Structure formats: C-alpha cells, structure tokens
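Colleague: Please show me the chain. I have some questions about the model.

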Amino acid sequence: MALLCALIGFVAVNVYYAPVLWGFKLFLIPSTSMSPTILPGDIVLVDLWAYQRGLVSEGDIVVFASPLNASTVLIKRVVRIQSSCDSGAEVCSSKPIAMVDVEGDNPNSSQDSRYFGMVPESAVEGKAIAVLFGFNSEHEPVWTRASML
C-alpha cells in the first residue's frame, strides 16, 4: 500500500511540476488510437525539450494540441514531414515552414491528419519516449507495460 501511495504521489508531482523542473511530462492515454503501441490507461513519458535539440523525424511519436480543439492534447506518430519549400520551386523565397503528417497506429480508431490536415512542426510539444506503466480496466497498475518508444 505504501508503494502505491508513493507511486501516486510521484505521478501527481510529476504531472504538475515536471514541465517546469525537468522538461518531462506524463500523459494518461485515454483512447485506442495508438494501439497496439500505446494502450488506453498507459502512462507515457514525454520529453518536452526533444525538439529544442533537434528536428522532428518520421517515426517519432509526438504530442501536440489538436488543431480542432486547442485544449485537447493528441499523441500520434509522424509519418511524413514536408517543407513549405517542397512544392517544386527551385528557390524558396521565404523561410520554410515544416509540416508533419501524423497518424495513429490504429487508423480505424484515430482522428489524425486524415481529418484535420498536416500539423505545423512548431505545434509539436514533445516526443513520447517511454511507457512507464499502464492501468487495466479495473484501474490496477500493469507494470509489464513499461517500454521505451
């Protein structure tokens, strides 16, 4: 019981303070859009500084505000990156704007770029780097879900 209380306290503190102190944030996944990679009830660790050190890459799992509802945070896989200068012009006259095409690993249950279009790379908040653990349908922790993404 003490371990469970300590774990709940750790998660609560990290959800509140992590972005400020360490550059990481925890997300509780509510849907099946990223199944089987990430399941409903999984706690995912997101590196908020990942793209201050480098660019988004195809295959990355990223979090970003929904283009349809800015108060909703989505988690999806980057399947394609396109620059505003990729339109075939030989010389780009303005600063290129990178756009990312994102899709859920479970396309039958995912609202993604197929619905709302490509997302500006600047809208990506962070990179999902690990599933720490999950919760089953009875709200019990599932430690075997721990994995790097």
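Modeller: The largest pocket holds about 190 Å³ of space. A pocket is an open set of points on a 1 Å grid over the protein atoms alone, where a 1.4 Å probe fits, with protein on both sides within 12 Å along at least five of seven lines. The volume is the space filled by probe spheres set on the points. This is a predicted model: local features need pLDDT of at least 70, side-chain pairs count only at 80 or more, and totals for chains, interfaces and linings use all residues. Numbering starts from 1 along each chain, and side-chain values use heavy atoms, without hydrogens or water.

Colleague: Which element gives the largest share of the lining?

Modeller: Strands are DSSP runs of E, at least two residues long, and helices are runs of H or I, at least four. β1 (24–28) and β4 (73–83) each give two or more residues. The largest share, 4 residues, comes from β4.

Colleague: Which residue in β5 stands opposite Arg-80?

Modeller: Strands pair if DSSP finds at least two bridges between them. β4 and β5 (residues 98–103) are antiparallel, with 6 bridges. Opposite Arg-80 stands Asp-101.

Colleague: Where is confidence lowest?

Modeller: pLDDT is the predictor's confidence in each residue, from 0 to 100. The chain's mean is 84. β3 is highest, at 97. Lowest, at a mean of 53, is helix α1 (residues 2–21).

How values were computed: On a 1 Å grid over the protein atoms alone, a cavity is a set of points where a 1.4 Å probe fits but cannot get out, and a pocket is an open set with protein on both sides within 12 Å along at least five of seven lines; lining residues have an atom within 4 Å of a point.
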